[in-house]
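Let's take a friendly walk through some strand pairings. Please have the model open as you read.

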Amino acid sequence: MRGTHRRRLAAGIITALAFTGSFAFTTSNAQAYSPNPTVRWAQVDTGNCQRLSGTLTVVAQSDGCRINDPWDGTFFRKDAGGIAIKVELYVGSTLVAKSEFHPYGEVLWAYDTRDDSDTIYTTLQVGESGASYGPYRGPVNGSNSYNLSITDGATVTMSVNDNNDPNNLDQLAYLQGRA
Ligand SMILES: [Ca+2]
Ligand SMILES: [Ca+2]
Ligand SMILES: [Ca+2]
């Protein structure tokens, strides 16, 4: 299952998994998913609602692009030139968290959709060496949104991590979008 997941991620346009070295002495992260959640995602052109990578179903609407999910669904408002990112994390068939980058207004949403004493952490990097936002997490059974100041057209990279430890992020997803 994990191997399949890694191959699927590697097949995405700009995806990678980080392997953060030895875990022999990392006893402090008692609250981390193990095994890791299953990742589902979509990169979406917010000009025309075309899915650029991933498997989530994108429904084109007159004013934006909808991706349904078991929590509250996602609506990416149209923004020509933008690339939206949505990542859903599942334990079994249960959605435990999701993260979204909305090019319209440059807003990042972080959700924690299950009260399971665990969560995930999302960061957004602008360009290769621009501003870095986060790590962000959702409140239990809720969401936080962050209205960021990113220039239209800038490339952004979303990293979704199981841990909040820079030395052991346990990266779950790594995807590029465009503001
Ligand atoms: Ca983990
Ligand atoms: Ca924009
Ligand atoms: Ca949780």
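What follows covers the model itself, a strand and its two partners, and a separate sheet.

## About the model

Residues are numbered from 1 along each chain as its sequence is written, with chains lettered from A and ligands numbered from 1 in the order in which they are written. This is a predicted model, in which local features need pLDDT of at least 70 and side-chain atom pairs count only at pLDDT 80 or more, while totals for chains, interfaces and linings use all residues.

Strands here are DSSP runs of at least two residues, numbered from the N terminus, and two of them pair if DSSP finds at least two bridges between them. Strand E7 spans residues 94-102, and seven of its nine residues are buried, so the rest of the structure largely encloses it. Buried means that 20 or more other C-beta atoms, placed from the backbone, lie within 10 Å of the residue's own.

Strand E6 (residues 83-91) runs antiparallel to E7, joined by seven bridges; valine 91 has threonine 94 of E7 as its bridge partner. Two residues lie between the strands of this hairpin, where glycine 92 has a positive phi near 60 degrees.

Six bridges link E7 to strand E8 (residues 107-112), again antiparallel, and serine 99 faces alanine 110 in E8. Their hairpin has four residues between the strands, and glycine 105 takes a positive phi near 85 degrees.

## The three-stranded sheet

Strands E3-E4-E5, in that order, form an open sheet with antiparallel pairing. Its edge strands, each pairing on one side only, are E3 (59-61) and E5 (74-77). The twist averages 25 degrees from one strand to the next, with axes fitted as lines to C-alpha atoms and angles running from 0 to 180 degrees between N-to-C directions.

E3 and strand E4 (residues 64-67) share three bridges; alanine 60 is partnered by cysteine 65 in E4.

Note on methods: Buried ≥ 20, exposed ≤ 12 C-beta atoms within 10 Å, placed from the backbone.
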